[in-house]
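Q: I'm new to reading protein structures. Could you walk me through a few features, one at a time?

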Amino acid sequence: MGLRTKRRAMVLLKDIVQRKRHIGSGRYRPQKARYRRALGYTGTKLPRGDPESLGLSSARLLGFFREAQAHPTINPHTLLVLRHGQVAAECSFSPYRGDVWHVTHSLCKGITALAIGMLADSGKLSLDEKLCDIFPGRLSPRLNPVSYRRFRSLTVRHLLTMTSGVDFDEVGAVTEEDWVKCYFESGVRFEPGTEFSYNSMNSYLLSAIVRERTGQGLAQYLRPRLFVPLGFGRVHWETCPRGIEKGGWGLYLCPEDMAKIGQLLLQKGRWNGRQLVSEAFLREMTRKQVDTPDNMGEQGYGFQVWMGKRPGSFLFNGMLGQNIIVLPDADMVVVTTGGNDCLFKNSTIISLVDRYFAGKDFAPDGPLPPQPRALGELRRFEASARNLQGTFPPARPRRLWPGRNRLPAPCRELSGRSFSLEPAGSRLLPLFTQLLQGNYSTGIQRISFSETAQGFVMTVEEGEEKNHIPLSFGGEPQYATVTVNRESYLVAASACFAKDEDGNQVLKVLLPFVEHSNGRKLKLFFYPGGRAELRLSETPDPEELLRDLGLLSDSRVVLWLGRLAAREDGELGEYAIRRTVEPRSLGRLEDAPQKS
C-alpha cells in the first residue's frame, strides 16, 4: 500500500473513530435499483426433485439445515443443494429469501474469471499477455522505479492466480478514486508468479481488462454470454468511482442463479447445447495453480476459485458465508449465503458442508427408496426455518378483538413521540457495509414513533432522509425499504420490549439488511425525565473483519486510534475502539412531537 493510500486510510479511520458527521471526502453515487414491485424470483427456475429420487437422503439434508441454523456463528441466510441439475433441497432462513438477490462478496471473482475465459476463447486476449501491453502508457519507470521491472513481467495469468505481488489492495478501494492508476503506481513485493498473495484488486484489474478490450462493462459483456443463456433473474454489479465493475466483489445474485454457475461448470461449460466457455479454460480454472497458506485453505487456488477438501472439488468463495461449492464426482452443487464472521474458505459453514458432503462416508449413487416421513420433516423445516440472529422467537398471538393483533402496551405510550439524538456516529447502515460501499450518512438525528395502517412504525431521520420502518412484535418481520444517500436497501424489522437492570423500558429492534451479509441491532433505552439513549451493534461483529481486511491490522494504528478516541470521550482506548463499532447516542423527548 502506497504512502498516500495509507495516509487517506488513516484520515478515514480518524473520522470514524471521532464519530464525525461527515466521513471521508468522496461523494456517494447511488447505483442499485430498489425492489419496486412485489418480491419474487424473475429468472428461469431450475427443475426440482425429491432428494431420494436424486440419490440423497432427506434425513441427511435436514440434519445439515438444522445444524446450520443452530450453530452460534454460521448465521445462515439461504442454503441450496443441487444434484443432477435438480434442486433437491433449499432453505431460506426468515427474514432472508431465496427470491431476493444477495451480495456475493468475493464469490463473484470466479464469475469474473469466466469472462476472462470467454475473452480468451474468442481470441481477444491471451492469459500470458502483459498488463503493460493491455494498458499502454499506464506504467512509468519514473513513478515506479523500484517495481518497474517486475511490473513489466506482470500477466493476466498472475491476476487470475493471485500471484501478482502488487501492493495496492482492498484498503485502496476504500480511499482512492482512480483504481487502475493507483494499481500501476503501486509497488510489487515479489517476482510475479512466485507467491500467492490474495488481493481483490487483481480481480478488479480483470474487470478493467474486459472494459479495455471490449468497450463494455463486465455486466454488459456477460449478459448475452452468461446471464441470459442461464436464465438469470435480477443482477446488479457495483462499480468503482470511474464506472468499472469491481470484479472481485459487489455482485448481487439470487441463490438459484449461483447454483446455475456451479451446474455450468459441472457440464464443462455447456448449457442447452451451447458451449459458453471452453472445457480447456475450465480445466485450468478449476485445478490447483498455486499453493495457499493453511489459514486460508490448504488445498490451493486455481483461477479465482479455491480447491475443495473433497478430491476434485472446488468453490467460489466470498467472505461471511457466500459460497458455490462444486463436487464433480457427486454431480452436486451446494450454495450458501450468510452473515458469519469468517473470511476465506476456512470457515464454519464450509466445515459443515465438508462434514456432510466431503467425507468418504458420503458416496451418493442412484435413487434411494422413498422416505416419506423424512421428506415431510425436511419440507416442513424448509417452510418454517428462521434466522436466529435476525428474528425474535415467535410470540403467541393475543387478540383484542377478532381479526386484529394487540400491540404491546408501550407502543401506545410511544406513539406520537419523537426523540432528538446528539451526533455520535450512530448510522442506520451497518459500518462494514458503509466501508465496502463508501456510503456514509451524517448520522441519526431523530427517531419517532406512530401508529399507522401498517401498524407500529419507527421513523429514523438522517440528514434529509426519513425512513419509515414498520415494526413487528409477533416474531414475523416486516419488510421495508430504507434509503441512505438515496441508495435503497431492503430491510426486515422485528422488535420486542424488555426492561434493563434498573427497570427502564428498552425497545429492541433487529434490522437485517436482507440483500446483504450484515445487519443492525438497535436498542433504545427510555429513562425518566424524557431522556433516551440509542445503542447500535451489528452482525457479524465488524471489528475483527476490519482487522482481517487490513484497516485495523497494524497494532500501532490501533494504539493511535485508541488514544485518539479516548481523548474524545475519556474512556480507555480499547473501549473507545469498541464504541466506534458499537456507537451510542444520548437523546431527549421533544416537546412538540413530529408527525410521521
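This is a predicted model: local features need pLDDT of at least 70, side-chain atom pairs count only at pLDDT 80 or more; totals for chains, interfaces and linings use all residues.

Q: Okay, which residues is S585 in contact with, leaving aside its neighbours within four places in sequence?
A: With those neighbours set aside, S585 touches L421, E422, A424, S426, A532, E533 and L534. As for its location, S585 sits in strand β23, which covers residues 584-589.

Q: And is S585 buried or exposed?
A: Here you look at the relative accessible area, and buried means under 20%. S585 has a value of 1%, so it is buried.

Q: Which side chain makes a polar contact with the side chain of S585?
A: For a polar contact, you look for a pair of N or O atoms within 3.5 Å. In this model the partner is the side chain of S426, at 2.6 Å.

Q: What does F93 touch, not counting residues up to four places away in sequence?
A: Among the residues F93 touches are F65, Q69, H77, F381 and R386.

Q: How do I describe two packed helices?
A: You give the angle between their axes and the distance between the axes. Take helix α2 (residues 58-70) and helix α14 (residues 372-384): their axes come within 8 Å and cross at roughly 30 degrees. Angles under 35 degrees count as roughly parallel, so α2 is roughly parallel to α14. The residues making this contact include L61, L62 and F65 of α2 and L375, L378 and F381 of α14. The crossing of α2 past α14 is left-handed.

Q: What about α3 and α10: at what angle do they pack?
A: Helix α3 (residues 109-121) and helix α10 (residues 218-227) pack at about 75 degrees, with axes 11 Å apart. These two helices are therefore roughly perpendicular to each other. Their contact involves residues including L114, M118 and L119 of α3 and Y221, L222 and L226 of α10.

Q: Last one: how many disulfides are in the whole structure?
A: You'd look for pairs of cysteine sulfur atoms within 2.5 Å. A search of the whole structure turns up zero disulfides. As for burial, C240 is buried at 4% relative accessibility, and C411 is buried at 0%.

How values were computed:
Residues are numbered from 1 along each chain as its sequence is written. Side-chain values use heavy atoms; hydrogens and water are left out. Contact means heavy atoms within 4.5 Å. Helices (H or I, at least four residues) and strands (E, at least two) are DSSP runs, numbered from the N terminus. Buried means under 20% relative accessible area, exposed over 50%, partly exposed in between (1.4 Å probe, protein chains only). A polar contact is a pair of N or O atoms within 3.5 Å; within protein, one must be able to donate a hydrogen and the other to accept it, and residues adjacent in sequence count only if both atoms are side-chain atoms. Axes are lines fitted to C-alpha atoms, for helices over the stretch in contact, and angles run from 0 to 180 degrees between N-to-C directions. Angles under 35 degrees count as roughly parallel, over 145 as roughly antiparallel, 65 to 115 as roughly perpendicular and the rest as oblique. A crossing is left-handed if the near helix is turned anticlockwise from the far one by less than a right angle, and right-handed if clockwise.
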